[in-house]
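Student: I've got a model open and I'd like to talk through what holds it together. Can you walk me through it?

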Amino acid sequence: RSTVDETVFNWNPRDVNESTTSHYTFLARPELGRFEIHVNKHEWIDFIELTLSDWLEQVQGAAETASDRFCWKAGEAYAYRRTAYAKMAEILSHERPDRLSSVVKETVAHVYGTEHSSTRHLVQLRTPPMSDSAKEALAA
């Protein structure tokens, strides 16, 4: 996920006028083999729209309880990739203004508005370890 986020953070508003023949490369999740994924700009925008939408549907429920698997205390799920999701909302509002200019930012604000104030300062940039081996490596 960090390689997807890298493409997200490298975007800036002047890229809106960039040719649709641009290509983006990121890596599949480690548990899937970490192979390269190559997409064009339209596919990349579709992918980050799907990624953001999927998270917005999950985060409130994920935050209701602690998760040993993801190393979260109750409420801390909101911190996961917080800055990347905010940047995705910005990208989508610029790249798809005809249908997402305001609704995507309003939706993000609504969903994150359900977060308790005690966790709003937290940011988890790294994907939680997905296996015991990954947890051991992180702890080392």
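Student: Which residues of helix H1 (residues 2-10) are buried?

Tutor: Quick ground rules: this is a predicted model, where local features need pLDDT of at least 70, side-chain atom pairs count only at pLDDT 80 or more, and totals for chains, interfaces and linings use all residues. Residues are numbered from 1 along each chain as its sequence is written, and side-chain values use heavy atoms, with hydrogens and water left out. Helices (H or I, at least four residues) and strands (E, at least two) are DSSP runs numbered from the N terminus, and buried means under 20% relative accessible area, with a 1.4 Å probe and protein chains only. For H1, the buried residues are Thr3, Val4, Asp5, Thr7 and Val8.

Student: What is Thr3 in contact with, leaving aside neighbours within four places in sequence?

Tutor: Thr3 sits in helix H1 and counts as buried at 16% relative accessibility. The cover over the buried residues of H1 includes S1, H2 and H3. With contact meaning heavy atoms within 4.5 Å, the partners of Thr3 are Phe26, Leu27 and Arg34.

Student: Why is the pair of Tyr24 and Trp44 stacked?

Tutor: Searching the whole structure turns up 9 aromatic pairs. Rings of Phe, Tyr and Trp (its six-membered ring) pair if their centres lie within 6.5 Å, and planes under 30 degrees apart count as stacked. Tyr24 and Trp44 have ring centres 4.3 Å apart, and the pair is stacked because the planes are at 5°.

Student: How many residues apart in sequence are the parts that this pair ties together?

Tutor: Tyr24 is buried at 11% relative accessible area, and Trp44 is buried at 0%. Tyr24 belongs to strand S1 (residues 23-27) and Trp44 to helix H2 (residues 41-63), so the parts they tie together are apart in sequence by 20 residues.

Student: Are H3 and H5 roughly parallel or roughly antiparallel?

Tutor: Helix H3 (residues 82-95) and helix H5 (residues 103-112) pack with axes 8 Å apart, at an angle of about 155°. Angles over 145 degrees count as roughly antiparallel, so H3 relative to H5 is roughly antiparallel.

Note on methods:
Phe/Tyr/Trp six-rings, centres within 6.5 Å; stacked < 30°, edge-to-face > 60°. Buried < 20%, exposed > 50% of the residue type's maximum accessible area, 1.4 Å probe, protein only. Axes fitted to C-alpha atoms, helices over the stretch in contact; angles between N-to-C directions. Parallel < 35°, antiparallel > 145°, perpendicular 65-115°, else oblique.
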